[in-house]
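Trainee: I want to learn how to read helices and pockets in a model. Where do we begin?

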Amino acid sequence: MTEEMIMPGDKIADKPLNLPYVFIEDEKTYSAVLGFKKEDKIIPLKGPYEPKFDDYVIGVISDVKFSGYDIEMNTPYTAFLPDRSVREKLDYGEIVFARVMNVNEVGEIDLGQVKVLKKGKIIEVPSIKIPRIIGRNNSMITLIRDATECSIFVGKNGFIWISEKGNVALAIAAIRKIVREAHTSGLTDKMQEYLKVSN
């Protein structure tokens with residue numbers, strides 16, 4: 001499986017392709033980002049989180065209103081959690097794991113299906129690295145959870161919550177290593193060895 005580094009403006013195909021991170025000009029497809037082309041996918045090296053329906057995200061309550069809560073979630077868009085979506089009253093600064101229920105045309109986000117996360121901390125990573133941190137069929141994040149005995153929730157928006165219990169320092173170090181090496185091959189094997197040696 002070959003990877004080809006691409007720059008913004010590099011031609012991807014001589015025909016229009018419906019892919020993320022590209023643009024079409026004169027019936028040809030060009031990369032809109034710095035990243036890698038792998039088979040028929042574009043993998044950007046960096047970029048902002050683009051909220052989508054059904055994403056699970058992590059956020060912090062930034063304002064308490066009459067009908068719900070404003071949620072800060074590492075995006076320029078506003079996220080809102082309706083009061084009816086939670087069983088308990090929440091307070092400023094509490095951390096939630098929630099599902100994106102709707103995104104309108106100006107990027108306003110409605111959240112639902114909430115779990116309140118207590119006694120832990122958030123670390124921030126580039127959102128485009130999240131698929132690598134989760135791994136195929138959750139393989140990578142399960143590897144880290146099992147090795148560190150931490151409870152870990154991963155938000156597609158680039159926030160990761162880690163419980164106070166377990167080897168938190170190793171969990172954070174492992175996630176940072178994945179972020180640094182996300183573009184390399186054989187990463188699961190490398191992480192297995194890293195966690196085995198470091199634990």
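Mentor: With the labels. Helices are DSSP runs of H or I, at least four residues long, and are numbered from the N terminus. By that naming, I134 is found in helix α1. Keep in mind that this is a predicted model.

Trainee: What is the average pLDDT of the protein chain, and where is confidence lowest?

Mentor: The protein chain averages a pLDDT of 89, and 98% of the residues score at least 70. Confidence is lowest in strand β6 (residues 41–44), with a mean of 80. Strand β13 (residues 152–154) has the highest, at 97.

Trainee: Is I134 buried or exposed?

Mentor: Buried means under 20% relative accessible area. I134 has 19%, so it counts as buried. As for distances, I134 and V103 are 31 residues apart in sequence and 23 Å apart in space, C-alpha to C-alpha.

Trainee: Now pockets. How does one find them?

Mentor: Rolling a probe the size of a water molecule over the atoms shows where empty space is left. Here the largest pocket has a volume of about 1,500 Å³. Its lining has 40 residues, and K41, I43, I128, P131 and R132 lie nearest the centre.

Trainee: Which element gives the most to that lining of the largest pocket?

Mentor: Strand β6, with four residues. At least two residues each come from β5 (35–38), β6, α1 (130–134), α2 (139–148) and α4 (187–198). By class, the lining of the largest pocket has 18 nonpolar, nine polar and 13 charged residues.

Trainee: What is the volume of the second largest pocket, and which residues lie nearest its centre?

Mentor: The volume is about 190 Å³. Of its 13 lining residues, Y56, F97, I134, N138 and V154 lie nearest the centre. The elements giving two or more residues to this lining are α1, α2 and β13. The lining of the second largest pocket divides into seven nonpolar, two polar and four charged residues.

Trainee: How do I check a helix, say α4?

Mentor: Start with its span. At 1.5 Å a residue, the 12 residues of α4 should span 16 Å, and the end C-alpha atoms are 16 Å apart, which agrees.

Trainee: Which residues of α4 are buried?

Mentor: L187, M191 and L195 are. Seen down the axis of α4, the buried residues fall within an arc of 65°, so they line one face of the helix. The general idea: an α-helix has 3.6 residues a turn, so residues three or four places apart point the same way.

Trainee: What is exposed on the other side of α4?

Mentor: D189, K196 and V197 are exposed there.

Technical notes
Residues numbered from 1 in each chain as written. Predicted model: local features only at pLDDT ≥ 70, side-chain atom pairs only at ≥ 80, totals over all residues. Heavy atoms only, no water. pLDDT = per-residue confidence, 0-100. 1 Å grid on protein atoms, 1.4 Å probe; cavity = no way out; pocket = protein on both sides within 12 Å on 5 of 7 lines; lining within 4 Å. Points joined across faces, edges and corners; volume = space filled by probe spheres on them. Nonpolar A, V, L, I, M, F, W, Y, C, P; charged D, E, K, R; others polar. Expected span 1.5 Å × (residues − 1). Buried < 20%, exposed > 50% of the residue type's maximum accessible area, 1.4 Å probe, protein only. Arc of directions from axis to C-beta.
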